[in-house]
Amino acid sequence: MLLLRYQLKQAPPQKVWCRFCAVMGKLQSKLKHSTYKYSRPDEIIEERIQTKAFQEYSPAHMDTVSVVAALNSDVCVSGGKDKTVVAYNWKTGNVVKRFKGHEHEITKQVTCIPNSNQFFSASRDRMVMMWDLHGSSQPRQQLCGHAMVVTGLAVSPDSSQLCTGSRDNTLLLWDVVTGQSVERASVSRNVVTHLCWVPREPYILQTSEDKTLRLWDSRGLQVAHMFPAKQYIQTYCEVSVDGHKCVSCSNGFGGEGCEATLWDLRQTRNRICEYKGHFQTVASCVFLPRALALMPLIATSSHDCKVKIWNQDTGACLFTLSLDGSGPLTSLAVGDAISLLCASFNRGIHLLRVDHSRGLELQEVAAF
């Protein structure tokens, strides 16, 4: 009996300790502490430590987020393994609307119609769906034409056409108004990984698992140019706002491959610069707004949990942010003049902000 009474008396402190741990868990969820080292191009090893408070918003998805894209300066749209497309106000931390219609997970493709509230999503169900932010939560259009998972989407600058690409080696050109396919092209072993339309031009840029970067002419859907093949699969591509340059990403492991490459789209169409420093597949890359710095900048995200900012002209890595515990980073998008949105396997979407108070830095300010 004495032993039993002693054990009963000791029980409350255990409950207090559990509550204390729970409180500590909440505090830790709003603190980010990361230490990391990396090699600069001049072979100097740098170490940077960050401890920053950030906000945990309500989650946009309940599983891995495959893609995120900015619809406007307040709202982003994203898709993932939960089969849903979500419109989210990343400035207030609120879900605007959830869209359901796909039967399988959303692939890494969500593209927005310029100056519009409409956007498209692609899925492993081989379907492309069109959504309206202010319309129904059901798809406005359903486009079916590919035999395998759709892995590429690109809207023309005048919003009249949509180009889609797939693992079935084909590209399809669609009339956005009617939802009808108007052109079809196929190239052997051209497993499409991403599509991007060149601003103010009839050209579409495409990356492939055959390690190449192709430039398609939408007038007849013919290959207009094929860039020199890289050593590794090209996973993603992005075109600068002026349409003069593009950047593509490579897969890889252990630092082999794992780079981004800048290309000239005008006359020479040669490789201009390479950005090396990631240790796993580079999944996404973006040109940053010129308002951020005096020099042109590029940002990349990788499966190594890191986001890097590069000097576009020299290839020097200016800053590295490690999103520890996030798993592979799957997608990167410019939110506004100072903000980036980064999708991840394990921790949803990260809101990152460029800070100039102590030189060029990238900070995580929220996650959802």
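Me: Is Lys-230 buried or exposed in this model?
Reply: In this predicted model, Lys-230 counts as buried, because its relative accessibility is 11% and the limit for buried is under 20%.

Me: Which residue forms a salt bridge with Lys-230?
Reply: The partner is Glu-259, and the closest N and O atoms of the pair are 3.0 Å apart. Glu-259 lies in strand β24 (residues 259-264), whereas Lys-230 lies in the loop between β19 (222-226) and β20 (234-239). The two residues are 29 residues apart, so the pair links distant parts of the chain.

Me: And Glu-259, buried or exposed?
Reply: Glu-259 is buried, with a relative accessible area of 7%.

Me: What about Lys-276, which residue does its side chain meet in a salt bridge?
Reply: The side chain of Lys-276 meets that of Glu-274, at 3.4 Å from N to O. Lys-276 counts as exposed at 56% relative accessibility, while Glu-274 counts as partly exposed at 22%. Salt bridges with shared partners join Lys-230, Glu-259, Arg-271, Glu-274 and Lys-276 into one network.

Me: Back to β24. How many of its residues are buried?
Reply: Six of the six residues of β24 are buried, so the strand is mostly covered.

Me: Which residues sit on each side of β24?
Reply: Glu-259, Thr-261 and Trp-263 are on one side, and Ala-260, Leu-262 and Asp-264 are on the other. Both faces are covered, as these residues are all buried. In a regular strand the side chains alternate between the two faces of the sheet.

Me: Which strands pair with β24?
Reply: Strand β21 (residues 245-250) is joined to β24 by five bridges, and the two run antiparallel. Within that pairing, Lys-245 stands opposite Asp-264. Strand β25 (residues 271-276) also pairs with β24 in the antiparallel sense, over five bridges. There, Ala-260 has Tyr-275 of β25 as its bridge partner.

Me: How many residues are between β24 and β25 in their hairpin?
Reply: Six residues lie between them. Arg-269, in the turn, has a positive phi of about 55 degrees.

Me: Salt bridges again: how many does a search of the whole structure find?
Reply: The search finds 13 salt bridges. One of them joins Glu-209 to Arg-167, with the closest N and O atoms 2.5 Å apart. Glu-209 is in the loop between β17 (203-208) and β18 (213-217), and Arg-167 is in the loop between β13 (161-166) and β14 (170-175). This pair also links distant parts of the chain, being 42 residues apart.

Me: How accessible are Glu-209 and Arg-167?
Reply: Glu-209 counts as partly exposed at 30% relative accessibility. Arg-167 is partly exposed as well, with a relative accessible area of 33%.

Me: New topic. In what order do β4, β5, β6 and β7 form their sheet?
Reply: The four strands form an open sheet in the order β4-β5-β6-β7, with antiparallel pairing. β4 (65-70) and β7 (94-100) stand at the edges, and each has a single partner strand, so one side of each is left without a neighbour in the sheet. On average, neighbouring strands of this sheet are turned by 20 degrees against each other, direction ignored.

Me: How many bridges pair β6 with β7?
Reply: Strand β6 (residues 84-89) pairs with β7 over six bridges, in the antiparallel sense. In this pairing, Val-95 of β7 is the bridge partner of Tyr-88.

Me: What about the sheet that holds β30, which strands stand at its edges?
Reply: This is an open sheet of five strands in the order β3-β33-β32-β31-β30, and its pairing is mixed. The edges are β3 (55-56) and β30, each with a single partner strand. β30 and β31 pair in the antiparallel sense over six bridges, and Leu-329 has Ser-344 of β31 as its bridge partner.

Me: How many residues are in the largest nonpolar core?
Reply: The largest nonpolar core has 17 residues. Those with the most contacts inside it include Leu-288, Val-307 and Leu-323. Among the elements that give two or more residues to this core are β30 (329-336), β31 (339-344) and β32 (349-355).

Me: Which residues does Leu-288 touch?
Reply: Not counting residues up to four places away in sequence, Leu-288 touches Leu-297, Ile-298, Ala-299, Ile-309, Val-334 and Leu-340.

Terms used:
Residues are numbered from 1 along each chain as its sequence is written. This is a predicted model: local features need pLDDT of at least 70, side-chain atom pairs count only at pLDDT 80 or more; totals for chains, interfaces and linings use all residues. Side-chain values use heavy atoms; hydrogens and water are left out. Two strands pair if DSSP finds at least two bridges between them. Axes are lines fitted to C-alpha atoms, for helices over the stretch in contact, and angles run from 0 to 180 degrees between N-to-C directions. A nonpolar core is a set of buried Ala, Val, Leu, Ile, Met, Phe, Trp, Tyr and Cys residues joined through side-chain atoms within 4.5 Å. Buried means under 20% relative accessible area, exposed over 50%, partly exposed in between (1.4 Å probe, protein chains only). Contact means heavy atoms within 4.5 Å. A salt bridge is a side-chain nitrogen of Lys or Arg within 4 Å of a carboxyl oxygen of Asp or Glu.
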